[in-house]
2 protein chains.
Amino acid sequence: MTTSRKQFILGSLAATAGITLAPAHSFSQPLPARSSSRMKLTFEPYNLNLKHVFTLSGSSRTTTPVMLTRIDYEGITGYGEASMPPYLGESQDSAAKFLSQVKLDRFPDPLLMDDILNYVDSIAPENRAAKASIDIALHDLAGKLLNQPWYRIWGLNPDKTPDTTFTIGMDTPDMIRQKTREASAFTILKVKLGRDTDKEIIETIRTVTTVPLAVDVNQGWKDKERALDMIHWLKGKGVVMVEQPMSKDDPDSNAWITERSPLPIYGDESVQRLPDLFNARGVYHGINIKLMKCTGMREAFTMASAARLAGMKVMIGCMTETSCAVSAAAQLSPVADFADLDGNLLITNDRFSGMTIKKGKVTLNDLPGIGIKPI
Amino acid sequence: MTTSRKQFILGSLAATAGITLAPAHSFSQPLPARSSSRMKLTFEPYNLNLKHVFTLSGSSRTTTPVMLTRIDYEGITGYGEASMPPYLGESQDSAAKFLSQVKLDRFPDPLLMDDILNYVDSIAPENRAAKASIDIALHDLAGKLLNQPWYRIWGLNPDKTPDTTFTIGMDTPDMIRQKTREASAFTILKVKLGRDTDKEIIETIRTVTTVPLAVDVNQGWKDKERALDMIHWLKGKGVVMVEQPMSKDDPDSNAWITERSPLPIYGDESVQRLPDLFNARGVYHGINIKLMKCTGMREAFTMASAARLAGMKVMIGCMTETSCAVSAAAQLSPVADFADLDGNLLITNDRFSGMTIKKGKVTLNDLPGIGIKPI
């Protein structure tokens, strides 16, 4: 396990020296001229240390590599983050390469978010987490300039946040019981299924707790009829939703299950960015939106808004992340039917304080931007 | 023609007398307590007088009925409007009936826009223009509370507004020539086609001007192969886009045309609210978004954002409207490939000043909210 505080490569992109343009239009609230009137992007690789070994089908790890970003503008700092679990294909190297190409100093005004984020998205395909690290930092900065938290700019009610699920990782029965006991502060737990031991895992958890369970199959089920039987069985065990029952490449089977399921079915691997929403409608009841999949808060908000107006359900998820990216996602959680925002709770070396969980519920603060402070 | 200033029925919904709750969460910028801390909705029927008789296939009229709304809150007023051309099925009566059911005093905070607009949408089906009149007034109010114009809250670049089309209504050749000459301030004109005289109309306009033309067929063409031939011919005449070539109930023919067309094809009648976007993808290159079709700015922004992220083009249109609803739509126009925002220019009795057209271009001001002032 590499501890990482000492590992900084402070990849600073110095703002191009040159003339300072005033914004092209006047401000309703003129901003005081401070240290620099150009945005300056810096980034820093960081490794999250996990409290428990994290096991997915076929892989285990004890750290998650992330890239922390910041955008400085006139003395105000916006913070962002890319979380890059190895199986998703991005790395600190790929993120550094991408971020080195981002020239924010060409934009006179951080609030030209549409221009800036279209530009960032156009630099290279993929790099979704790296793009999210810019998007989040820019939202944090813009929210601070507007002096409002994003839930408020988006018109959302902070009292309507859902309770978050807390994930009980795959493990031995004894460890599952122990982890479940440790999670007694949560009102809903998430369980990873999709292997031969599914019923055993649920029964094991049920020896310890009666709270509702969310189930994430991660495409693990291979037969739609058996999947549906399992869903009926799970419902009897107090499961309240099922994520990605079968392969993302088999929409017909997933749709078949959704049509018949007594529990809401959410697409996760099937739904990365907004265009995937078009294919998810009719296949799933809802979608799991994660900032690291969809390039950040702008696209996440559009996906959530469009899904709801189209009559679909919305879940907000995360990777293993610091409170930076988790708090950014939490800004959107008032629209979510389910939240899976436990990424910051799974690590021992957070770098920010931000959203909190109170009696199981995602709890937003009044801080402008994404609602975080460095610690 | 009924002039309407004297016709007011000031349908005031007095705020329920009762206790005044503080907002459930604290504000980053506390609002000063002023005249009332409850929202109060009032509305007023108004008839727009048209400069020219307005002719669509099979109907003509010289006025357009609208409903002007306002929401007052702590001494700040948000303005809204419903425009209700008779063929769309709403009227001042239906709007008054709908608006009378809207109880905004149950909400402690105008910035809880998501809750408020979900509630408004749930009161009754349809009534899309009436719903838009609340949505617009609420956006105007919220923007004023945030002290920002909406293009800025949405992160859009006000310099990126397109030129607006100006519609040359159906008429005799002499009148078409005259109207075209009168429209010499515009850099792109819109022509309504879909009858036997299509080529004649284009030729007539081309005797007067060489500016690009947008063509709105309003479902008027009945044969896809002839439609495609016509589009090729129109391209040769400097037409740059075509709206709703065939019936909204014939997606296959519209898709067939889109696949082969040398000009971008936009759906209009096919695309009312957000769910229609799902059916429009693959059928049209783009969509024409109008606040009166889609219940207002919130859904319009979502539709525009989702369409663009899905690789579709966006056009922002309007009905005959005062500068209130047109200026609200103009806030979104920086994302549009085409704007058709001439509704306020077609009337003689505007009630607001707002967005302007400068050298043909939609021009946004710095006023907070939707950028208007009563006149």
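Which residue forms a salt bridge with B:Asp174, and how far apart are the closest N and O atoms? The partner is B:Arg177, and the closest N and O atoms are 2.9 Å apart. A salt bridge here is a side-chain nitrogen of Lys or Arg within 4 Å of a carboxyl oxygen of Asp or Glu.

This is a predicted model, in which local features need pLDDT of at least 70 and side-chain atom pairs count only at pLDDT 80 or more, while totals for chains, interfaces and linings use all residues. Residues are numbered from 1 along each chain as its sequence is written, chains are lettered from A and ligands numbered from 1 in the order in which they are written, and side-chain values use heavy atoms, with hydrogens and water left out.

B:Asp174 and B:Arg177 are three residues apart in helix 5 (residues 173-182) of chain B, so about one helical turn separates them. Helices (H or I, at least four residues) and strands (E, at least two) are DSSP runs, numbered from the N terminus. B:Asp174 is exposed, at 54% relative accessibility, whereas B:Arg177 is partly exposed at 24%. Buried means under 20% relative accessible area, exposed over 50%, and partly exposed in between, with a 1.4 Å probe and protein chains only.

Over all chains, the whole structure holds 44 salt bridges. One of them runs between B:Arg308 and A:Asp114, whose closest N and O atoms are 3.0 Å apart. B:Arg308 belongs to helix 11 (residues 297-309) of chain B and A:Asp114 to helix 2 (residues 113-123) of chain A, so this pair joins two chains. B:Arg308 is partly exposed, with a relative accessible area of 29%, and A:Asp114 is buried, with 8%.

Another salt bridge lies within chain B. B:Glu243 and B:Lys190 form it, with their closest N and O atoms 3.0 Å apart. B:Glu243 is in strand 8 (residues 239-243) of chain B and B:Lys190 in strand 6 (residues 189-192) of chain B, so that distant parts of the chain, 53 residues apart, are linked. Both ends are described as buried: B:Glu243 has a relative accessible area of 0%, and B:Lys190 has 2%. In chain A, salt bridges that share partners join A:Lys190, A:Lys192, A:Asp216, A:Glu243 and A:Asp340 into one network.

The strands of chain A come next. Strand 6 (residues 189-192) of chain A runs parallel to strand 7 of chain A, and four bridges join them. Two strands pair if DSSP finds at least two bridges between them. Across this pairing, A:Lys190 stands opposite A:Ala214. Strand 6, helix 6 (residues 198-206) and strand 7 of chain A make a right-handed β-α-β unit. A crossover is right-handed if, with the strands pointing away from the viewer, the path from the first strand over the helix to the second runs clockwise.

Strand 7 of chain A also pairs in the parallel sense with strand 8 (residues 239-243) of chain A, over four bridges. In that strand 8, A:Met241 is the bridge partner of A:Ala214. The chain passes from strand 7 of chain A through helix 7 (residues 224-236) of chain A to strand 8 of chain A, and this β-α-β crossover is right-handed.

In a regular strand the side chains alternate between the two faces of the sheet. In strand 7 (residues 213-216) of chain A, A:Leu213 and A:Val215 point one way, A:Ala214 and A:Asp216 point the other way, and all are buried.

The structure holds 13 aromatic pairs over all chains. Rings of Phe, Tyr and Trp (its six-membered ring) pair if their centres lie within 6.5 Å; planes under 30 degrees apart count as stacked, over 60 as edge-to-face and the rest as tilted. A:Trp154 and A:Phe301 are stacked, at 4.7 Å centre to centre and 0° between the planes. A:Trp154 lies in the loop between helix 4 (150-153) and strand 5 (166-168) of chain A and A:Phe301 in helix 11 (residues 297-309) of chain A, so the pair ties together parts 147 residues apart in sequence. A:Trp154 is buried at 11% relative accessible area, and A:Phe301 counts as buried at 14%. Together with A:Trp150, these two residues form one aromatic cluster.
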